[in-house]
Amino acid sequence: MLLHLQTWAECEAYLKRSTAIIVPIGSTEQHGPNGLIGTDAICAEYISHRVGEQADAMVGPTIGIGMAQHHLAFAGSITMRPTTMIAYVRDYVRSLAVHGFDRFYFINGHGGTVATLGAAFNELYAEQSLDTTGILRRVRCEQRNWYETTGVKAISAKEYTGREGSHATPSEVAVTQFIHPDAIKRVGMEPVGPRPRRYTDSRDLRSLHPDGRIGSDPSLATPEVGKRLVAAAVGDLVPDFKAFVAAA
Ligand code: NI
């Protein structure tokens with residue numbers, strides 16, 4: 001069930017049987033020659049909604065903008081600074097903690113967000129340790145990257161051997177093609193070169209990766225594989241979410 005489609009009374013009733021919530025978190029940033037700018041948010045949201053259905057759990061509003069400063073030299077990309085994102089996640093979690101939610105399971109679609117989301121969790125835990133209100137006393141947060149689940153990695157290794165890369169991957173593009181078949185882009189692209197050194201800011205990334213891909217060949221993406229990747233991610237995340245909720 002989706003939080004934004006509930007009434008407050010329905011949310012209050014849910015809290016009597018569960019205090020857990022799934023939070024989709026993605027990004028709005030360039031995804032190479034044929035990838036949609038919304039790729040990371042689209043994938044995280046769709047997979048989170050399916051996990052919520054299968055686990056009979058509440059799903060919060062998608063955090064659709066992430067820490068993507070390194071993509072800002074490509075048109076359409078939007079970023080939150082790490083400090084903004086930490087404040088945003090903090091207020092999101094604290095607001096729901098006021099109502100009694102205390103298990104926050106973030107399903108993430110963007111590698112660039114991992115460190116900042118972890119810092120946001122530590123900011124909350126620091127508040128918890130310094131707590132004077134009691135609201136945050138029992139809050140626990142977890143993040144899982146759908147693209148690193150066991151089932152997804154197995155499919156990716158088989159279908160895209162050596163061409164998955166780390167950004168604008170055929171896996172994530174395939175998932176968006178399955179979700180939005182009307183938005184599939186047919187774009188020719190050069191073979192992928194070797195991955196050079198680690199980038200820093202957005203201009204550095206663009207100079208190293210002129211078409212936005214990082215070590216990937218998203219021309220291999222198909223909606224058929226995307227469908228299997230979604231099923232694999234959901235299949236791994238549902239029991240993992242349940243175990244997180246059941247843990248003391
Ligand atoms: Ni992505």
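## Arg-90 and its partners

Arg-90 is partly exposed, at 28% relative accessibility. The model described here is predicted. The side chain of Arg-90 meets that of Glu-127 in a salt bridge, with N to O at 2.4 Å. This pair links distant parts of the chain: Arg-90 belongs to helix α3 (residues 82-99) and Glu-127 to helix α4 (residues 114-129), 37 residues apart. Glu-127 has a relative accessible area of 16%. Because buried means under 20%, Glu-127 counts as buried.

Arg-90 also forms a salt bridge with Asp-91, at 3.6 Å from N to O. Asp-91 is partly exposed, with 44% relative accessibility. Which residues make up the network of salt bridges around these side chains? The network links Arg-90, Asp-91, Arg-94 and Glu-127. For the structure as a whole, the count of salt bridges comes to 14.

## A salt bridge between two loops

Arg-163 and Asp-217 form another salt bridge, and their closest N and O atoms are 2.2 Å apart. Arg-163 sits in the loop between α5 (150-159) and α6 (170-179), while Asp-217 sits in the loop between α7 (202-208) and α8 (223-246), so the pair ties together parts that are 54 residues apart in sequence.

Asp-217, in contrast, is buried, and its relative accessible area is 5%.

## Aromatic pairs

How many aromatic pairs does a search of the whole structure find? The search finds six. In one of them, Tyr-105 and Phe-241 have ring centres 5.2 Å apart and planes at 70°, so this pair is edge-to-face. Tyr-105 lies in strand β3 (residues 103-108) and Phe-241 in helix α8, so the contact ties together parts that are 136 residues apart in sequence. Tyr-105 is buried, at 0% relative accessibility, and Phe-241 is buried too, with a relative accessible area of 4%.

Phe-106 and Phe-121 form an aromatic pair that is tilted, with 5.3 Å from centre to centre and 50° between the planes. Phe-106 is in strand β3 and Phe-121 in helix α4, so their pairing ties together parts that are 15 residues apart in sequence. Phe-106 and Phe-121 are both buried. Ring pairs also join Phe-244 to Tyr-105 and Phe-241 in a cluster.

## Arginines over rings

Two tyrosine rings have an arginine over the face. Arg-50 lies over the face of Tyr-46, at 4.4 Å from the ring centre. Arg-198 lies over the face of Tyr-199, and here the distance from the ring centre is 5.3 Å.

Key:
Residues are numbered from 1 along each chain as its sequence is written. This is a predicted model: local features need pLDDT of at least 70, side-chain atom pairs count only at pLDDT 80 or more; totals for chains, interfaces and linings use all residues. Side-chain values use heavy atoms; hydrogens and water are left out. A salt bridge is a side-chain nitrogen of Lys or Arg within 4 Å of a carboxyl oxygen of Asp or Glu. Buried means under 20% relative accessible area, exposed over 50%, partly exposed in between (1.4 Å probe, protein chains only). Helices (H or I, at least four residues) and strands (E, at least two) are DSSP runs, numbered from the N terminus. Rings of Phe, Tyr and Trp (its six-membered ring) pair if their centres lie within 6.5 Å; planes under 30 degrees apart count as stacked, over 60 as edge-to-face and the rest as tilted. A charge sits over a ring if NZ of Lys or CZ of Arg is within 6 Å of the ring centre and within 35 degrees of the ring normal.
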